[in-house]
Amino acid sequence: HSLLAPGGKLYLSVPDFSTLCWLYLNPANSMNGRFRTLQMMMGTQEDEHQVYRSGFDIQFLGYHLNEAGFVEYQRVPQFFLFNDDSSRKISDTFVSLNVIAQKSVASRA
């Protein structure tokens, strides 16, 4: 937050915990499909950078963004900036929670 200029925007993408839970519990999902869904929820655990310590839905993430001083946030399906996991779909369902958050114009550091 302190690195953004007042009015600056943060483009944030995290695994969508609610959607991934729904996909995991879907009876049509195979054992391999559930394993892949777990990896998206928890990281692949292959190294210290592939471990997720929190799960977020829009309400939980929004709460933390407000606590960090962002005055507005908007969920978007994709950013259309470059090809990355923020646009990933499983069975036509986006699995990332993509948010654009704006810092207050009269923001504290």
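# Notebook: helix α3 and its surroundings

I began at the start of α3. There a side-chain oxygen of aspartate 57 comes to within 3.2 Å of the backbone nitrogen of glutamine 59. I note here that this is a predicted model.

Next I asked which residues of α3 are buried. In this helix, residues 58–67, I found Leu61, Gly62 and Leu65 buried. These residues cover an arc of only 100 degrees around the axis, so they sit on the same side of α3. I recalled the general rule: an α-helix has 3.6 residues a turn, so residues three or four places apart point the same way.

I then looked at the face turned away from the buried side of α3. It carries the exposed residues Gln59 and Glu67.

What do the buried residues of α3 pack against? I found three strands: β1 (9–15), β2 (70–76) and β5 (96–103).

I also checked the stretch just after α3. Glycine 69 has a positive phi there, about 105 degrees.

**Entry: β2 and glutamate 72**

I moved on to strand β2, where glutamate 72 is found. Leaving aside neighbours within four places in sequence, I listed the contacts of glutamate 72 as Ile100, Ala101 and Gln102. I then took the C-alpha distance from glutamate 72 to serine 104. It is 8.1 Å, for a separation of 32 residues in sequence.

**Entry: two positive phi values outside glycine**

I looked up phenylalanine 80 in the loop between β2 and β3 (89–90). Its phi is positive, about 60 degrees, although the residue is not a glycine. Is phenylalanine 80 buried or exposed? It counts as exposed, because its relative accessibility is 67% and the cut-off for exposed is over 50%.

Serine 91 came next, in the loop between β3 and β4 (93–94). This residue is not a glycine either, and its phi is positive, near 50 degrees. Serine 91 has 65% relative accessibility and therefore counts as exposed.

I set aside the neighbours within four places in sequence and found glutamine 39 in contact with Thr44 and Tyr52.

**Entry: the whole protein**

Last, I stepped back to the overall picture. I noted 3 helices and 5 strands. Along the sequence they follow the pattern β-α-α-α-β-β-β-β.

The C-alpha atoms fill a box of roughly 50 × 30 × 25 Å along the principal axes. Of the 109 residues, 28% count as buried. I put the accessible surface at about 7,400 Å², with 54% of it belonging to carbon and sulfur atoms.

I also looked at how far apart in sequence the contacting residues are. Among contacts between residues at least 6 apart, 69% join residues at least 24 apart.

For charge, I noted 9 positive and 10 negative side chains. The centres of the two sets lie 2 Å apart.

Terms used:
Residues numbered from 1 in each chain as written. Predicted model: local features only at pLDDT ≥ 70, side-chain atom pairs only at ≥ 80, totals over all residues. Heavy atoms only, no water. Buried < 20%, exposed > 50% of the residue type's maximum accessible area, 1.4 Å probe, protein only. Helix = DSSP H or I, 4+ residues; strand = E, 2+ residues; numbered from the N terminus. Arc of directions from axis to C-beta. Contact = heavy atoms within 4.5 Å. Polar contact = N/O pair within 3.5 Å; in protein donor to acceptor, adjacent residues only side chain to side chain. Areas by Shrake-Rupley, 256 points an atom, 1.4 Å probe, with all protein chains shown as cover. Lys, Arg positive; Asp, Glu negative; His and termini not counted. Charge placed at Lys NZ, Arg CZ, Asp CG, Glu CD.
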